[in-house]
Amino acid sequence: MTRYEAVIGIEIHVELKTNTKIFCHSTTEFGGDPNTHVCPVCLGLPGVLPVLNKQVVEYAIKAGLALNCEIAEYSKFDRKNYYYPDLPKNYQISQYDLPICKNGYLEVETGQGKKRIGITRIHMEEDAGKLVHQGTITTSPYSLVDYNRTGVPLIEIVSEPDMRSAEEARAYAEKLRSVIQYAGVSDCRMEEGSLRCDVNVSVHPVGTGEFGTRTEIKNMNSFRSIQKAAEYEIERQIEVLENGGRIIQETRTWDENKGITVSMRTKEEAQDYRYFPDPDLVPLVIEREWVEAVRNSLPEMPEQRVARYIESGLSEYEANVLTASKEVSDYFDQCLKTYNNPKMVSNWIMGDLSRLLNSVNMEICDCRVKPAQLADMLKMIDSGTISGKIAKTVFEEMFNTGKDPETVVKEKGLVQISDESAIAAVVDEIIAANPKSVEDFRNGKDKAIGFLVGQIMKATKGKANPQLVNKLLKDKLS
Ligand SMILES: [Zn+2]
């Protein structure tokens, strides 16, 4: 039986978070009533001229540096010509043969260790508008067009075909999103379309040098669907080849509900777009001083955070988990500002917090518990106001309501009992009620004490200070 190898390359469009569009002063804000974030320039009315937004170039340089690219000294804009109602000018201003960045790479964790994925190029371009349909595109009786997004700045990041599995494709996309977020040039919100991935997939028999014909998959709105779409497409192509068919170069769309890829159209070739230099924009010359200034302005990147966390006493594993998302890492750092115990904070974020977030499918940035509130609760454990066990209950209530830990503890009467005489009374009761366990303990069965502690905690609804319970019990039995 023939064994196949998959080859995957990814193109990622990232919306840059500038205040205004790439060639005009219209706002880039997400949403808004249709066709309100527009002006004659982004609507492509006759007689207008584009003016390049300097911030876009700076962000593109920043992204390039974060992805280990060379920044071109000389770069230019080209017109990519095609007709579609979301494109009022009938061409998109993009970059063709002289992109702003090239020859970079990204290191990705894979099942077989670290792997370097090449980045061919990064170029700047303007986004197109959006067609709006009633229901789905195939059943809607009409198309409406919203030009608010037209002219929003994008960078397109093109990888080398270096990935060999769907898992690697997902790992690359996730890592890239994280690096771009750390660099601070985009929100990378997939659900708002500010990060969009196109995945190119081909397969060929293992041992043959030449790559197979590839298809491009669009319309995946989560990292999970990138992996699932790539997995499906690899299987589909192998099956076609096994049955003696051949792969057609085409664009396919991912149908999330059905879990399949569907043919959309045959893939255009570059020559179909009749690229030519945009005569309205001068070529872009980027001074080396500017590149160095941008390099110096790069914020702390994931690798640096990992090193800092390990230095503060976390394991490499913990440091990697916490820094995988900038939001989680920022949350962690915020907690440390008022409660400087990295290990404890890390345990709570990676444990209870991530469990609760997962249970309701929520991102940490939408979490009602603010970092300072988690820090406050951890202080209450340290001061003995609540036990570590009760803290789990307190935290869950904070998570569900957004209330402060003090409020939750007061409302639910969860203050830890640290009054010796109060605990001693319960200890006496439990000893009296369990003569068998007491005898076992005195006969050297150490396990019996665990049972007695459990009974005392149960009698106090978990509120007795466990250290105190242990101490009193041992005192009384010795
Ligand atoms: Zn405009």
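Predicted model: local features only at pLDDT ≥ 70, side-chain atom pairs only at ≥ 80, totals over all residues.
**Stop 1: the domains**

Start by colouring the chain by its domain assignment, which gives domain 1 (4–289), domain 2 (300–412) and domain 3 (420–477). Then place a centre on the C-alpha atoms of domain 1 and another on those of domain 3: these centres lie 65 Å apart.

**Stop 2: Thr 18**

Now select Thr 18. You will find Thr 18 in the loop between strand E1 (4–15) and helix H1 (54–66). Is Thr 18 buried or exposed? Its relative accessible area is 5%, and because buried means under 20%, Thr 18 counts as buried.

Keep Thr 18 selected and show its side chain. A polar atom of that side chain lies 2.7 Å from the backbone oxygen of Thr 20. Next, show the residues that Thr 18 touches, leaving out those up to four places away in sequence: Thr 28, Asn 53, Gln 55, Val 56, Tyr 59 and Pro 153.

**Stop 3: Arg 170**

Move on to Arg 170, which belongs to helix H2 (residues 166–183). With a relative accessibility of 25%, Arg 170 is partly exposed.

Which residues does Arg 170 touch, not counting those up to four places away in sequence? Select Phe 223, Arg 224, Ile 226 and Gln 227 to see these contacts.

Notes: Residues numbered from 1 in each chain as written. Heavy atoms only, no water. Helix = DSSP H or I, 4+ residues; strand = E, 2+ residues; numbered from the N terminus. Buried < 20%, exposed > 50% of the residue type's maximum accessible area, 1.4 Å probe, protein only. Polar contact = N/O pair within 3.5 Å; in protein donor to acceptor, adjacent residues only side chain to side chain. Contact = heavy atoms within 4.5 Å. Domains from an automatic or database assignment.
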